[in-house]
Amino acid sequence: MKNEKLVVFGKRLKELRLAAKRTQPEMGKFLGCTVSNYQKMEYGQINIPILSLMALADYFGVTTDDLLGRE
């Protein structure tokens, strides 16, 4: 069973990636991880390190709360 919060994060991550016209391989390279690992982030299958969360928020110009789907 997937954690609902991870699913929300994954959907938001995918939305931001598509809006920025980036590919999953590009994002994996940015984070220094495999494409498979990045895909698991978007699918809400894995928890990510806080430094990766911060890097993604900075990359997309959003807050970590926005990236996490929190209001």
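Tyrosine 59 is partly exposed, with a relative accessible area of 33%; here buried means under 20% relative accessible area, exposed means over 50%, and partly exposed is in between, using a 1.4 Å probe and protein chains only. This comes from a predicted model, where local features need pLDDT of at least 70 and side-chain atom pairs count only at pLDDT 80 or more, while totals for chains, interfaces and linings use all residues. Residues are numbered from 1 along each chain as its sequence is written, and side-chain values use heavy atoms, with hydrogens and water left out.

Tyrosine 59 also takes part in ring pairing. Rings of Phe, Tyr and Trp (its six-membered ring) pair if their centres lie within 6.5 Å, with planes under 30 degrees apart called stacked, over 60 edge-to-face and the rest tilted. By this rule there are 2 aromatic pairs. One is tilted and joins phenylalanine 30 to tyrosine 59, at 4.5 Å centre to centre and 45 degrees between the planes. That pair ties together distant parts of the chain, since phenylalanine 30 sits in helix α2 (residues 24–31) and tyrosine 59 in helix α4 (residues 50–60), 29 residues apart. Phenylalanine 30 counts as partly exposed, at 38% relative accessibility. An edge-to-face pair is formed by tyrosine 59 and phenylalanine 60, with 5.0 Å centre to centre and 90 degrees between the planes. Phenylalanine 60 is buried, its relative accessible area being 15%. Put together, Phe30, Tyr59 and Phe60 make one aromatic cluster.

Now for the whole chain. Its secondary structure amounts to 5 helices and 0 strands, where helices (H or I, at least four residues) and strands (E, at least two) are DSSP runs numbered from the N terminus. The radius of gyration is 11 Å, close to the 11 Å that the globule rule gives for 71 residues, so the chain is as compact as a globular protein of that length. That radius is taken over C-alpha atoms, and the rule is 2.2 Å times the number of residues to the power 0.38. The C-alpha atoms fill a box of roughly 25 × 25 × 20 Å along the principal axes.

Of the 71 residues, 32% count as buried. Among contacts (heavy atoms within 4.5 Å) with a separation of 6 or more, 61% come from residues 24 or more positions apart.
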